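Please keep the sequence and the structure at hand while reading.

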There are 2 protein chains.
Amino acid sequence: MQGENKYMMRAIELARLAAAAGEIPVGAVLVDAASGDIVAEAHNLTERDHDATAHAEVLVLRAAGAALQAARLPDCDLYVTLEPCPMCAAAISFARIRRLYFGAYDPKSGGVENAAPFYAQPTCHHRPDVYGGLHEQDCAQLMKDFFKDKR
Amino acid sequence: MQGENKYMMRAIELARLAAAAGEIPVGAVLVDAASGDIVAEAHNLTERDHDATAHAEVLVLRAAGAALQAARLPDCDLYVTLEPCPMCAAAISFARIRRLYFGAYDPKSGGVENAAPFYAQPTCHHRPDVYGGLHEQDCAQLMKDFFKDKR
């Protein structure tokens with residue numbers, strides 16, 4: 001049996017605070033891998049903030065980015081009580097997090113061990129009507145011009 | 001050929017502002033479907049905000065949630081210049097957006113027509129080391145207790 005992990009214990013504490021506040025009980029702690037210091041911690045706040053994106057993982061990435069003045073956090077490890085959803089899995093990748101530790105698996109809505117073309121999955125609980133290709137040429141040109149200028 | 005869509009034209013304008021500011025040129029506009037009013041608009045701000053989650057779509061959902069005091073926005077339609085990434089695709093679903101209109105397809109990183117178990121995809125450009133099942137029982141119990149109490 002693995003020993004107690006202090007970061008996950010803290011994440012669990014945060015998740016309990018979330019539950020007490022009527023939020024989905026997920027807690028997350030972001031740790032500087034070199035020093036072992038906690039850079040940011042959070043629990044879900046979707047209800048309080050009226051913000052569908054206010055998952056614990058997104059909140060710690062946002063707070064840590066502001067604290068360290070860097071959108072990319074390659075020297076940080078993330079501890080979270082639940083398998084991240086596809087939104088958070090992607091955000092964790094964008095932030096270049098080194099290690100992801102999670103507690104419970106989420107077969108219903110997880111985006112790490114589960115999920116696929118997002119709106120087509122059983123883990124997706126709402127699919128908007130989708131209309132791709134509106135003003136496609138103009139929109140594509142923007143991207144081409146931008147990255148052309150960058151090279 | 002389809003006529004000019006004023007919301008997408010505005011999104012394109014926002015994307016141009018993003019490019020001028022050195023941000024990835026993606027613009028998004030969230031519209032109240034009944035009134036046709038623009039509820040929120042944004043362009044990417046990942047550079048300025050040092051926030052890997054500050055994509056245009058996440059920013060409009062966040063702003064609209066705060067403005068309307070609701071995390072779910074089922075009466076709103078979203079116009080965005082680029083096919084949303086998996087993070088944004090999931091956020092759009094969580095917010096229960098009615099219709100998603102997008103401009104350019106993004107075969108490299110899109111999460112609407114593309115993508116699958118996120119970290120396993122060619123569209124994923126960074127996969128953190130993943131350690132699932134840390135304090136799994138405690139973490140799973142939190143979720144069970146929370147939803148048990150809700151029923």
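## Aromatic pairs

Across all chains of this predicted model, a search of the whole structure returns 6 aromatic pairs. In one of them, Tyr79(B) and Tyr101(B), the ring centres are 4.4 Å apart and the planes lie at 0 degrees, so the pair is classed as stacked, planes under 30 degrees apart being the criterion. Because Tyr79(B) belongs to strand S3 (residues 76-82) of chain B and Tyr101(B) to strand S4 (residues 99-104) of chain B, the pair ties together parts that are 22 residues apart in sequence. Both Tyr79(B) and Tyr101(B) are buried.

An edge-to-face pair is formed by Phe102(B) and Tyr105(B), with 5.0 Å from centre to centre and 80 degrees between the planes. The two partners can be told apart by accessibility: Phe102(B), at 0% relative accessibility, counts as buried, whereas Tyr105(B), with a relative accessible area of 37%, is partly exposed. In chain A, Tyr7(A), Tyr79(A) and Tyr101(A) form one aromatic cluster.

## Surroundings of helix H4 in chain A

Helix H4 of chain A, which covers residues 86-94, is mostly covered, with 8 of its 9 residues buried. These buried residues are Pro86(A), Met87(A), Cys88(A), Ala89(A), Ala90(A), Ala91(A), Ile92(A) and Ser93(A). Within chain A they pack against helix H3 (56-68), strand S3 (76-82) and strand S4 (99-104), and in chain B they pack against helix H4 (86-94). After H4(A) comes Arg96(A), whose phi is positive, near 60 degrees.

## Packing of the two H4 helices

Two packed helices are described by the angle between their axes and the distance between the axes. For H4(A) and H4(B), the angle is about 150 degrees and the axes are 7 Å apart. Since angles over 145 degrees count as roughly antiparallel, H4(A) and H4(B) are therefore roughly antiparallel to each other. The crossing of H4(A) and H4(B) is left-handed.

Which residues meet where H4(A) and H4(B) come into contact? From H4(A) they are Pro86(A), Met87(A), Ala90(A), Ala91(A) and Phe94(A), and from H4(B) they are Pro86(B), Met87(B), Ala90(B), Ala91(B) and Phe94(B). Sorted by class, this contact of H4(A) with H4(B) has 10 nonpolar residues, with no polar and no charged ones.

Terms used: Residues are numbered from 1 along each chain as its sequence is written. Chains are lettered from A and ligands numbered from 1 in the order in which they are written. This is a predicted model: local features need pLDDT of at least 70, side-chain atom pairs count only at pLDDT 80 or more; totals for chains, interfaces and linings use all residues. Side-chain values use heavy atoms; hydrogens and water are left out. Buried means under 20% relative accessible area, exposed over 50%, partly exposed in between (1.4 Å probe, protein chains only). Helices (H or I, at least four residues) and strands (E, at least two) are DSSP runs, numbered from the N terminus. Contact means heavy atoms within 4.5 Å. Axes are lines fitted to C-alpha atoms, for helices over the stretch in contact, and angles run from 0 to 180 degrees between N-to-C directions. Angles under 35 degrees count as roughly parallel, over 145 as roughly antiparallel, 65 to 115 as roughly perpendicular and the rest as oblique. A crossing is left-handed if the near helix is turned anticlockwise from the far one by less than a right angle, and right-handed if clockwise. Ala, Val, Leu, Ile, Met, Phe, Trp, Tyr, Cys and Pro count as nonpolar, Asp, Glu, Lys and Arg as charged, and the others, Gly among them, as polar. Rings of Phe, Tyr and Trp (its six-membered ring) pair if their centres lie within 6.5 Å; planes under 30 degrees apart count as stacked, over 60 as edge-to-face and the rest as tilted.
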